[in-house]
Every structure is written in structure tokens, then in C-alpha cells.
Amino acid sequence: MSKQPTSRSNFGSKFGTVATAAGSAVGLGNIWKFPYEAGQNGGGAFLLIYILCVLLFGLPIMISEFAIGRRARANVAGAFRKLSGTRSWGIVGLLGVITAFLILGFYFVVAGWSLEYVYQAASNAFVGKTPTDLSQAFVNFSTDTFQPLFWTVIFICANAFVLLAGVEKGIERISKILMPFLVLILILLSIRAITMPNGSAGLQFFFAPDFSKITPNVILSALGQAFFSLSLGMGCMVTYGSYIRKDNNLTKTALHVISVDTLIAILAGVAIFPAVFSLGINPAQGPELVFITLPNVFTHMAGGYIWAILFFLLLAIAALTSTISLQEVITAYVSEEFKLQRKKVIVGSSVVLIIVSSLCSLSLGVGSKLTIGGMRLFDLFDFTSSKLFLPLGALLISIFIGWFYNPKKIRDEISNQGKLSTKLFPVYYFLMRYFVPIAIIAIFLNELGLFN
Ligand code: PHE
């Protein structure tokens, strides 16, 4: 069962609360996944739908996850059981754990890529290379059998080390200081990219929505990306909510986290698309987009050598604060539900994740012939987590809040027992009770081809 409420520590300051939740939210999702999803799904049309998804789904669900966590002060499964009074709602927790494994399976691989790119940047490997050379170099690396595995395992061990040593807080604190530098480098990259020849075509692609590009698939991609980037739909923010102080304004905290996360994603787009168009790279490349685009920009930048090392290092740290939060969902669940020592759970889950991530990594090279539903394992994990499990988790959360939980209690929790204004509560409640569940169900049914 869940831990004693008294044994759960609280976040000290308001800034600390925002920074820790933002540490989970800001990661590869913003800088690696967002640009390639936007590139594959019509650019500006995707951006527009994405922002709508963030506001209409992301905001109310983040407030709900915080509120559920703070009210129950337990791991995800425990929280849903406690608030519902029935065992069956614990399924949301189990779903979250499965999702965490799926996400970490490919996330660790990409985090490993960023370590390789720190190494390449430091050994001056980008200099004098043409865009074609740099693309080829990435393909050679990512389809290699051992090299990516090496970095993936290093990253998983680093993550396990942080969790075992219990220094997550320390890492969050360091990252709070370092993330402004990541933003700074993104701004510099953006300026450089925009001023490249034909850079404006990239801005046009990213900001001018072509409404004919909006298809049901684009909508599902944007929705899944919003949940992924905001760490929603799998209980991660429920866990954080359980550490938030009673006097914290949950709505404001959610707004802050969402603003930071969305700004960084947009900035990544501004750094990447002008360069993509200037260099003649295909924006719909897929997961390799960032890794083949940015090294080109660094080679065209004053001080590019240093910026490149710093950028990929900071990207790895941003990824680390996200993987910490993902593996914490697994650790809290398994240790509290099965009464196992945290250390054992961390070691055990890391071993499992080494196997799973290795398979994902190998699926890009030697294992690429092995596909399920036409997808390589790497793409399958990416697809099922973002487009299936996270929306499903969010659906369950909205049904729980909208149809099972007492509205008075949730209003109490969000308004800090009536101390904060409840004027907008009806809007929030309408979104959670009707809009979010109906929209997600409609998107799913459409995906199954039921509307055709
Ligand atoms: N939000 C993280 C990112 O954008 C990934 C993540 C998803 C973290 C779900 C926790 C839970 O990189």
C-alpha cells in the first residue's frame, strides 16, 4: 500500500515545485520529438493543433493529476484507490508503469545518442562535413550494433546511479541552473538558422498553418505529443502532486510548467526548420531530424565547437531529469505495491530496461527486418506510448474526475479549500467531464476506422 502521508517530503518553494515538474516535462520530447513530429505532420498545421491540445487537454489534465496526487499523497495506483475507495481504479497505476517501460525503452536510446554527440562534438567530428556526410554519419552510428548500445547502457547506469544515491533533488537543482543555458543556446541556434540562406522558408513551414494538412492522424499525433511532452497520462504528475504543498496554487503551477515546456518546444522548432530548409533536408525525415540538422548549424556558427558540446550535454541532462521521473513511476509503484526495497526495484528495473532499450536500439540496425504492424520495435514503442497509452491514461483520468469523483472535493483541492477563486472551475469541470473524454474517444474510434 501507499506510504504514510507524513513520510512524504514536500517541495520547499514555489519555484522548486515548478522547476521539478518542468524538469520532468522538458526533455527529449521538446527538442528531439516535437520537431520531427511537426516535420512529419505538416509543420504549421501541427503547431496550431498542438497548442490547442496543450490548452484544452494538457492544462486541465495537469491540474487534475496534481490535485489527485496532492489529495491522496500516494503513488499513482494508491492515489486512485484511495480517492475512489475501490481497488479497480488502481489499474491507472499499472497502466502508467507499463507506459513508463515503453517510453524508457526508446527514450534511453535517444538519450544515448545525445551522449555520443557530446563525444563527437568534443572530438571535432562535425567540422568540414557536408550535410550529406553528417546524415550518413548519423545513419552509420545509429544502425551500428555496439556503439549506440554502449551509450544507452551508460545512460541507464547513470540514471540508476542518481536514483540509488538518492540525489534526484541535487540533479534537479543543478538542472534548474543549467536549463537557462540550454534556452540560450537554442536562441543562438535560432538566430543562426533564421539567417541561413532560404531560412525563411523554414519559418513559413513551421508557423503558417496549411489547413488542408489537418487530418485525423495529425490530430492524434499532436494530442499524443502534448501528453508526452507534458509528462501527462501516466501518473508522473500525480506522483509530483503528492509532494506539492497544501498552499500551492495548482492552476498557476500547471500554467507555469506548460508555458516553459511549450516555449522550449517552439524554440526548438525555430532552431531546426529554417536550417532544414536551408540545407535541403527532408523535414519529414523522422527521429533522426535533430541529429542530422543541428550539427550542420554548429559548423556554421562562431564558437560552434563549444556550443555543440554544451548543447548535447545539456540535452542529455534535460533527458536525465525526465528519465528520473519516468523510472520513479516504476519504482514508487513496485516498491509500495509489492513492499520491496526501493534499491532492489531500481536495480531490477534498470536491468530489464537495459534489455528492452538494447532491443529498441538494435531494431534500427541489425534487427530492422523484424517488424510488428510494419513498425520497427523502436517506432512501435514510440507509437504505442504516445498514441495509445498516454491518451488512454488521460481518458481514464478524465472519466475518474468527471464521472466518479465528488466535484466538491476536487473543487476544494484546486481552490485550496475555497481560498482561491473558483470562477473558472466550471470551465475546467466541463472540459474534464465532457470535452476531454468525448474528444479522446472520438479520436480513437476514428483511428479504428469507425467513421469511414
Ligand atoms: N516529458 C518528457 C519529455 O518531453 C518525457 C516524459 C513523458 C517524462 C512522460 C515523463 C512522463 O521529454
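This is a predicted model: local features need pLDDT of at least 70, side-chain atom pairs count only at pLDDT 80 or more; totals for chains, interfaces and linings use all residues.
Q: Which elements give two or more residues to the shell around the ligand?
A: Those elements are the helices α1 (14-25), α2 (28-40), α5 (91-122), α10 (216-229) and α14 (304-337).

Q: And how do the shell residues divide into nonpolar, polar and charged?
A: There are 8 nonpolar and 8 polar residues in the shell, and no charged ones.

Q: Which residues come nearest?
A: Of the 16 residues around the ligand, the nearest are A25, G29, Y107, F228 and S231.

Q: What does the side chain of Y107 do there, and what about A25?
A: An N or O atom in the side chain of Y107 is 2.4 Å from an oxygen atom of the ligand, while A25 places a backbone N or O atom 2.9 Å from an oxygen atom of the ligand.

Q: Where does S231 come in?
A: S231 has a polar side-chain atom that lies 3.0 Å from a nitrogen atom of the ligand.

Q: How much of the ligand's accessible area does the protein cover?
A: The ligand on its own has 330 Å² of accessible area, and the protein covers 100% of it.

Q: Switching topic, how many aromatic pairs does the structure hold?
A: It holds 44 aromatic pairs. One of them joins W32 and Y36, whose ring centres are 5.4 Å apart with the planes at 55 degrees, so the pair is tilted.

Q: Why are W32 and Y36 separated by about one helical turn?
A: Because they are 4 residues apart in helix α2.

Conventions:
Residues are numbered from 1 along each chain as its sequence is written. Side-chain values use heavy atoms; hydrogens and water are left out. A residue is near a molecule or strand if one of its heavy atoms lies within 4 Å of it. A polar contact is a pair of N or O atoms within 3.5 Å; within protein, one must be able to donate a hydrogen and the other to accept it, and residues adjacent in sequence count only if both atoms are side-chain atoms. Accessible areas come from the Shrake-Rupley method with a 1.4 Å probe; for residues, only the protein chains shown count as cover. Ala, Val, Leu, Ile, Met, Phe, Trp, Tyr, Cys and Pro count as nonpolar, Asp, Glu, Lys and Arg as charged, and the others, Gly among them, as polar. Rings of Phe, Tyr and Trp (its six-membered ring) pair if their centres lie within 6.5 Å; planes under 30 degrees apart count as stacked, over 60 as edge-to-face and the rest as tilted.
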